[in-house]
Each structure stands twice: as structure tokens, then as C-alpha cells.
Amino acid sequence: QIPRQVPPQPWYMGGYVSALMGGVLPFGCIFIQLFFILNSIWSHQMYYMFGFLFLVFIILLITCSEATILLCYFHLCAEDYHWWWRTFIVSGGSAIYVFAYSVFYFVTKLEITAFIPGLIYFGYSTVMVIAFWILTGTIGFYATYSFIRRIYFAIKID
């Protein structure tokens with residue numbers, strides 16, 4: 001059986017645009033805490049707001065789930081049934097903003113001029129961004145998977 005062809009999609013339903021749109025809200029929830037975490041790592045300051053960090057993590061879970069489900073629903077309404085990897089990439093799109101913020105933090109807050117300390121900073125930032133992408137992508141995928149299972153189990157076929 002040949003799968004149905006996906007109709008042409010508008011430009012704003014593309015993968016890159018969806019990843020950028022889906023990453024704005026989760027990054028907006030965490031960027032203040034990201035500033036404090038980067039300060040504690042690179043500026044030798046103490047981080048002591050772990051309860052608030054846990055609350056921000058719960059808000060991150062909710063926003064990743066909602067943004068990914070919403071964008072996947074838009075794609076399903078446009079008859080695009082390829083949602084598996086797209087949900088992982090869309091929800092992980094906030095990692096793009098985290099990396100951009102770490103570059104911004106490096107340029108504006110740190111006074112690193114040598115090559116090796118800059119390489120260490122960007123190496124650690126890259127590892128942090130990849131881990132964050134995997135975390136948020138997994139959250140978005142499982143939330144969308146449970147949503148799609150729920151809406152397709154509700155369909156009554158006579």
C-alpha cells in the first residue's frame with residue numbers, strides 16, 4: 001500500500017520555521033534562570049534558588065508540551081502526517097535560542113580574550129545545548145505521542 005502524498009505546505013509550515021517558532025516559548029520561560037546558572041558557573045557566584053529552578057523546570061515541561069502539540073496539530077490539519085521527527089526537532093528548537101544566548105553571554109558578560117578559555121566555554125556550551133535539545137525534544141515527542149494516541153483512539157469508525 002502506497003502512503004498518501006502530503007500536499008504542498010506553506011513556507012511557515014517548514015521544519016526550520018517551525019523549530020524557531022516552537023522554541024521561543026520554552027526559552028522565554030528559562031532565560032532568566034539561564035543567566036543565573038551561567039553566572040554561577042563562569043563568574044564564580046553561588047546559585048541557591050533550587051526550588052525556583054524546579055518550578056521553572058515544571059513550566060518548561062508544560063510549555064514544551066503545549067507548543068509542540070499545537071504545532072503538530074497545525075501540521076495534521078494541513079494533512080501532513082510526518083510528525084515523528086518534526087516534534088522532536090520543534091520542541092528541541094529552544095536549544096537554538098539557548099546557544100544564541102550563551103554566545104550573547106560570552107560577548108557581553110565574560111572578559112575572555114584567549115583562545116583556549118573561549119574554546120572551553122563554547123565546548124561546555126555545546127554539550128549543554130545538545131543535552132538541552134535532547135531533553136526538550138524528548139518531552140515534546142512524548143507529549144505529542146500521547147496527544148495523538150488520545151485523539152485517534154477517540155475516533156469512532158462505523
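1. Basis. This is a predicted model, in which local features need pLDDT of at least 70 and side-chain atom pairs count only at pLDDT 80 or more, while totals for chains, interfaces and linings use all residues. Residues are numbered from 1 along each chain as its sequence is written, and side-chain values use heavy atoms, with hydrogens and water left out.

2. The largest pocket. It holds about 260 Å³ of space, the volume being that filled by probe spheres set on grid points joined across faces, edges and corners. A pocket here is an open set of points on a 1 Å grid over the protein atoms alone, where a 1.4 Å probe fits, with protein on both sides within 12 Å along at least five of seven lines; lining residues have an atom within 4 Å of a point. Helices H1 (15–42), H2 (50–77) and H5 (115–153) each supply at least two lining residues; helices are DSSP runs (H or I, at least four residues) numbered from the N terminus.

3. The residues divide into 11 nonpolar, 1 polar and no charged. Nonpolar covers Ala, Val, Leu, Ile, Met, Phe, Trp, Tyr, Cys and Pro; charged covers Asp, Glu, Lys and Arg; the others, Gly among them, are polar. Among the lining residues are Ile30, Gln33, Phe57, Val98, Met128 and Phe132.

4. Helix H3 (residues 84–91). Thr87, Phe88, Val90 and Ser91 are buried, that is, under 20% relative accessible area, with exposed over 50% and partly exposed in between (1.4 Å probe, protein chains only). The cover over these buried residues includes H1, H2, helix H4 (94–108) and H5.

5. Thr144. This residue sits in helix H5 and is buried, at 0% relative accessibility. Beyond its neighbours within four places in sequence, Thr144 contacts (heavy atoms within 4.5 Å) Thr68, Ile69, Cys72, Trp83 and Thr87.

6. Salt bridges. How many are there? The count is 2, a salt bridge being a side-chain nitrogen of Lys or Arg within 4 Å of a carboxyl oxygen of Asp or Glu. One joins Glu79 and Arg4 at 2.9 Å, N to O. Glu79 lies in the loop between H2 and H3 and Arg4 in the segment before H1, so this pair ties together parts 75 residues apart in sequence. Glu79 is partly exposed at 42%, and Arg4 is exposed at 52%.

7. The other pair. Arg86 forms a salt bridge with Asp80, with the closest N and O atoms 2.5 Å apart. Arg86 is partly exposed at 23% relative accessibility, whereas Asp80 is buried at 5%.
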